[in-house]
Amino acid sequence: MARTTSGFTVPDLTGKIAVVTGASDGMGLGIASRLAGAGAEVVMPVRNRGKGEKAIARIRQEHPAAAVSLRDLDLSSLESVAALGRTLRDEERPVHILINNAGVMTPPDRMTTADGFELQFGSNHLGHFALVAHLLPLLRAGHARVTSQLSVAANSGAINWDDLNWEKSYAGGRAYSQSKIAFGLFGLELDRRSQAGGWGITSTVSHPGIAPTNLLAAQPHLGRTKDTTAVRVIRALSRRGILTGTPESAGQPALLAATSPDARGGRFYGPSGLGHLSGPPAEQPVYTRLRSPEDARRIWQISENLTGVTFLATH
């Protein structure tokens, strides 16, 4: 069985276990649904159980035989991340696909995680960094494909090395770019370390282009009570098929990176249309800000220090 998604065919995933973060709505829900439709057993770690149950219902409407289940995860809490790691390790089943898709974007005022990190850096990067570390034995057992979802924002801005948590001055867009640059450096370094250490993990990075996802929509818990002007414009362009994609098409680069037999580790996948904003998924040049192995090693070490996790530890 295979499932076609506008030019890309998800191969048969029967017998595979896939973990997708941020799968309770939007692009992540579409990714989870397509994986389930291709035969994978999909584990959906969610912050909101109610939203998660609704997401599972939607997947089963399209794929009645889908094997999907929820676990609890709040990426803004390292204890929650560690708890999910313990839960899945106790189940003792290899993980074959991990798509790190969840994210938060540009809260108008600086917010922090449960552990005191700037929310975007702490959730988008550090939370996923710790999750991969906690799942490492399962990922190695499954010879997993790990795909980390970036953003076009990783092609602008820089890492604020002197103030990673934006305590001196806060700029939401710049902090968001930093979180995605750090996450991209991690995703590429993960593949290098896997190859060097014989971990058996293939790590890729992807980006969805521009699409009307929920990242810029009203998010009261982030202090954003109304949809942003940007998301209203993106929705209008998406409806007209101008430059932007849809929530469904936006998930295709991650699906290609995570499932295609032709996708290679250490590579970057995104839309192939004008400006790489929409269109069918394809490999593309790695953003310049993600090309420095020195920066990658530096952010890896910092991330280990901040999260207290190590990829060398046994669980």
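A residue counts as buried when its relative accessible area is under 20%. The legends below describe a predicted model.

Figure 1. Arginine 193 pairs with glutamate 189, and their closest N and O atoms are 2.8 Å apart. Both residues lie in helix 6 (residues 172-197), four residues apart, which is about one turn of the helix. Glutamate 189 has a relative accessibility of 4%, so this residue is buried. Arginine 193 is partly exposed, with a relative accessible area of 27%.

Figure 2. The side chains of glutamate 294 and arginine 297 form a salt bridge with an N to O distance of 3.7 Å. About one helical turn separates the two, because they are three residues apart in helix 10 (residues 293-307). Arginine 297 is partly exposed, at 42% relative accessible area.

**Figure 3. A network of salt bridges.** Glu41, Arg71, Glu91 and Arg93 are linked by salt bridges. In one of these, between arginine 93 and glutamate 91, the closest N and O atoms are 3.7 Å apart. Arginine 93 is partly exposed at 29% relative accessible area, and glutamate 91 is partly exposed at 30%.

**Figure 4. The largest cavity.** This cavity holds about 50 Å³ of space. Its lining consists of Ile17, Val19, Val43, Leu88, Glu91, Arg93, Val95 and Leu138. Six of the lining residues are nonpolar and two are charged, with no polar ones. Strand 3 (17-20) and helix 3 (78-91) each contribute at least two residues to the lining. Glu91 and Arg93 belong to this lining and also to the network of salt bridges.

Conventions:
Residues numbered from 1 in each chain as written. Predicted model: local features only at pLDDT ≥ 70, side-chain atom pairs only at ≥ 80, totals over all residues. Heavy atoms only, no water. 1 Å grid on protein atoms, 1.4 Å probe; cavity = no way out; pocket = protein on both sides within 12 Å on 5 of 7 lines; lining within 4 Å. Points joined across faces, edges and corners; volume = space filled by probe spheres on them. Nonpolar A, V, L, I, M, F, W, Y, C, P; charged D, E, K, R; others polar. Salt bridge = Lys/Arg side-chain N within 4 Å of Asp/Glu carboxyl O. Buried < 20%, exposed > 50% of the residue type's maximum accessible area, 1.4 Å probe, protein only.
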